[in-house]
Structures are given as structure tokens and as C-alpha cells.
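Look at the model below. Then follow the short report on its pocket and its surface.

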Amino acid sequence: CERLDVMEIHDPVSLKDLPAKWDPKQKMVFCIERAEATPILKIDIREPFAVLIGPEGGFSEAEIGFIQSLEYAESVSLG
């Protein structure tokens, strides 16, 4: 991508503990597989945001529901 800067990567956090550590003013881009979601190339990237990616095989249905209930999370499709 020819970026000259390195993204900031934090230590892993339990999904259930994430909201307590999150600044709700920052958008979370949630990469979801096998679901209807906005294509990642169509999201607004003018403001800082974080990307949430899941484990190999994807998130469970319960995890997806939990993440989608967060007001600052935006589901996106990678494909």
C-alpha cells in the first residue's frame, strides 16, 4: 500500500472486555464474513478508526450480535 507509517497494534483484549476499554467516539470497523455488509472500500475513512478482525473461521453468531450492538461498530465486508 506504500504507506510510510506503521499502524498502532495493541495487545489482545477479550471481546467481552473491549467496550470498557474503548473510546466510543472512535469508529470500529468490524470485518464480517458471509453476511450482508458495506464493502470496506465504501466506508468513510476521513476520521481515525480501528479495525476489528476475528479468529480463523470467523466470529460466532453470539459474538457478531454483541459487536453489532455497539453503537460505534460498523460492519464491513472484505470481499
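Val 51 lies in strand β3. Strands (E, at least two residues) and helices (H or I, at least four) are DSSP runs, numbered from the N terminus. The model is predicted: local features need pLDDT of at least 70, side-chain atom pairs count only at pLDDT 80 or more, and totals for chains, interfaces and linings use all residues. Residues are numbered from 1 along each chain as its sequence is written, and side-chain values use heavy atoms, without hydrogens and water.

Val 51 is partly exposed. Ile 43 sits in the loop between β2 (38–39) and β3, and Ile 43 is buried. Buried means under 20% relative accessible area, exposed over 50%, and partly exposed in between (1.4 Å probe, protein chains only).

| Residue | Relative accessible area |
|---|---|
| Val 51 | 46% |
| Ile 43 | 9% |

Ile 43 and Leu 4 are 39 residues apart in sequence. In space they are 22 Å apart, C-alpha to C-alpha.

Now the largest pocket. Its volume is about 970 Å³. It has 24 lining residues, and the closest to its centre are Glu 8, His 10, Trp 22, Ala 50 and Val 51. A pocket is an open set of points on a 1 Å grid where a 1.4 Å probe fits, with protein on both sides within 12 Å along at least five of seven lines; lining residues have an atom within 4 Å of a point. The volume is the space filled by probe spheres set on the points, which are joined across faces, edges and corners. α1 (18–21) and β3 (49–52) each supply at least two lining residues. β3 gives the most, with 4 residues.
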